[in-house]
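Subject: Handover of a structure

Dear colleague,

I am passing on the structure below, together with notes on its salt bridges and its sheet. Please have it open while you read.

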Amino acid sequence: RDFRNHLRSCMHHLKFKSCLADPDVWMCPALKDDGTEVYEYVLLYTDDALVISPNAEQILRQEIGKYFELKEESIGPPDLYLGGRLSQVTLENGVKAWGYSASQYVQEAVKNVESYLASGKA
């Protein structure tokens, strides 16, 4: 609970607001280099953070990194978040976007259930 309160305080200090629909999604209005208005998002779950922004690495290193120790090897384009695979895709109109697949998470969940059932504890 103390960590969560500290996290909320830090995110407010960084001018991010928690989403009413999901309090683990934080958002902040920003401008892209060309002046386009966008929102930057930080998705937080326990000690995992996923930053969606044209300046994601800067937000992690220079803003969130002021308050929390970050693992250097975990900073960069994401490939896994909360058990699901992330991949960058290019849409038909040329826009780059991120895709999320929960298949790895589901496969692991099925393995866990099968193992539990096989153990005879069910």
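Is Glu-108 buried, partly exposed or exposed? Glu-108 is partly exposed, at a relative accessible area of 39%, where buried means under 20% relative accessible area, exposed means over 50%, and partly exposed lies in between (1.4 Å probe, protein chains only).

Before going further, please keep in mind that this is a predicted model, in which local features need pLDDT of at least 70 and side-chain atom pairs count only at pLDDT 80 or more, while totals for chains, interfaces and linings use all residues. Residues are numbered from 1 along each chain as its sequence is written, and side-chain values use heavy atoms, with hydrogens and water left out.

Salt bridges

Searching the whole structure gives four salt bridges, a salt bridge being a side-chain nitrogen of Lys or Arg within 4 Å of a carboxyl oxygen of Asp or Glu. One of them joins Asp-24 to Arg-4, with 2.7 Å between the closest N and O atoms. This pair links distant parts of the chain, 20 residues apart, since Asp-24 sits in the loop between strand S1 (17-18) and strand S2 (25-31), and Arg-4 belongs to helix H1 (residues 2-13). Helices (H or I, at least four residues) and strands (E, at least two) are DSSP runs, numbered from the N terminus. Arg-4 is partly exposed, at 39%.

Another salt bridge brings together the side chains of Arg-61 and Glu-57, at 2.7 Å from N to O; both residues lie in helix H2 (residues 56-63), four residues apart, which is about one turn of the helix. Arg-61 has a relative accessibility of 34% and Glu-57 a relative accessible area of 43%, and a network of salt bridges links Glu-57, Arg-61 and Glu-72.

Glu-108, with which these notes began, forms a salt bridge with Lys-111, the closest N and O atoms being 3.6 Å apart. The two residues are separated by about one helical turn, because they are three residues apart in helix H3 (residues 103-118).

The sheet

Four strands make up an open sheet in the order S1-S2-S3-S4, with antiparallel pairing, and two strands pair if DSSP finds at least two bridges between them. S1 and strand S4 (48-52) are at the edges with a single partner strand each, so one side of each has no neighbour in the sheet. S2 and strand S3 (residues 37-45) run antiparallel and are joined by seven bridges; the bridge partner of Cys-28 in S3 is Glu-40.
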